[in-house]
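Hello,

Here is the structure I promised to pass on, with my notes below it.

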Amino acid sequence: PLQVELGSLSSIQRAMKLYQTAGENNSAEGWFNLGHVLWMGHNSDGNINTNEDIVPINRDHALTAFHRAIELGDADSMYFVGVQYLNEYESLLLSSSSDSDTTAQTHKKAIQKAQQGY
């Protein structure tokens, strides 16, 4: 049962498991919260010194969780993912040279990502 399984986990692992379970039961908020933890990562608060309390940043898994929330109509996930892709697009533009061909290629890549659902 879920209760026995949760008892052996650290606080952050319990939270992530509950977020995932909520998401699997059609809770957009569960997927959003899981995505947020995975996007930001989680370090121990200093009171607990075990690796179980550290969640490394995992942007790929975070985006999967956000997209599941989006499929359930979650506006916060839509906004968050949109802002992240806009930031990525701006970074690509700023890192490219002033050559108009390079800028056009960067713009084309951003449009392709948008068309792929990112």
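When I write that two residues are in contact, I mean that they have heavy atoms within 4.5 Å. With that in mind, take Arg59 first: leaving aside its neighbours within four places in sequence, Arg59 is in contact with Leu38 and Trp39. Arg59 lies in helix α4 and is partly exposed, with a relative accessible area of 37%. Its C-alpha atom is separated by 9.2 Å from that of Gly41, a residue 18 places away along the chain.

Please keep in mind that this is a predicted model. The average pLDDT of the protein is 81, and 69% of the residues score at least 70. Among the elements, α3 has the highest mean pLDDT, 97, while helix α6 (residues 100–115) has the lowest, 64.

**The overall picture**

The protein has six helices and zero strands, so the pattern along the sequence reads α-α-α-α-α-α. Of the 118 residues, 25% are buried. Among contacts between residues at least 6 apart in sequence, 37% join residues at least 24 apart.

**The core**

Which residues have the most contacts inside the largest nonpolar core? They are Met16, Leu34, Leu38, Trp39, Val55, Leu63 and Phe66, in a core of 18 residues. Helices α2, α3, α4 (59–71) and α5 (75–95) each supply at least two of the core residues. The largest share, seven residues, comes from α3. As general background, nonpolar side chains in soluble globular proteins tend to be buried together.

Apart from its neighbours within four places in sequence, Leu38 is in contact with Met16, Val55, Pro56, Ile57, Asn58, Arg59, His61 and Ala62.

Is Ser77 buried or exposed? Ser77 counts as buried because its relative accessibility is 0%, and the cut-off for buried is under 20%. Leaving aside neighbours within four places in sequence, the contacts of Ser77 are Phe32, Phe66, Ala69 and Ile70.

**How α2 and α3 pack**

Two packed helices are described by the angle between their axes and the distance between the axes. For α2 (11–24) and α3 (28–40), the axes come within 7 Å and cross at roughly 140°. The crossing of α2 past α3 is left-handed. On the α2 side, the residues that meet α3 are Ile12, Met16, Tyr19, Gln20, Ala22, Gly23 and Glu24; on the α3 side, they are Gly30, Trp31, Asn33, Leu34, Val37 and Leu38. By class, this contact has eight nonpolar, four polar and one charged residues.

Tyr19 shows one part of that packing. Tyr19 is found in helix α2 and counts as partly exposed, at 27% relative accessibility. Beyond its neighbours within four places in sequence, Tyr19 is in contact with Gly30, Trp31, Asn33, Leu34 and Val37. How far are the C-alpha atoms of Tyr19 and Gly30 separated? The separation is 4.3 Å, for residues that are eleven apart along the chain.

The loop between α2 and α3 holds Asn26. Asn26 has a positive phi of about 70° although it is not a glycine. With a relative accessible area of 60%, Asn26 is exposed.

Finally, look at Leu6, which is in helix α1 (residues 2–7). Leu6 is buried, since its relative accessible area is 12%. Setting aside its neighbours within four places in sequence, Leu6 is in contact with Arg14, Lys17 and Leu18. The C-alpha atoms of Leu6 and Lys17, eleven residues apart along the chain, are separated by 7.9 Å.

Happy to go through any of this together.

Best wishes

Definitions and conventions. Residues are numbered from 1 along each chain as its sequence is written. This is a predicted model: local features need pLDDT of at least 70, side-chain atom pairs count only at pLDDT 80 or more; totals for chains, interfaces and linings use all residues. Side-chain values use heavy atoms; hydrogens and water are left out. Helices (H or I, at least four residues) and strands (E, at least two) are DSSP runs, numbered from the N terminus. Buried means under 20% relative accessible area, exposed over 50%, partly exposed in between (1.4 Å probe, protein chains only). A nonpolar core is a set of buried Ala, Val, Leu, Ile, Met, Phe, Trp, Tyr and Cys residues joined through side-chain atoms within 4.5 Å. pLDDT is the predictor's confidence in each residue, from 0 to 100. Axes are lines fitted to C-alpha atoms, for helices over the stretch in contact, and angles run from 0 to 180 degrees between N-to-C directions. A crossing is left-handed if the near helix is turned anticlockwise from the far one by less than a right angle, and right-handed if clockwise. Ala, Val, Leu, Ile, Met, Phe, Trp, Tyr, Cys and Pro count as nonpolar, Asp, Glu, Lys and Arg as charged, and the others, Gly among them, as polar.
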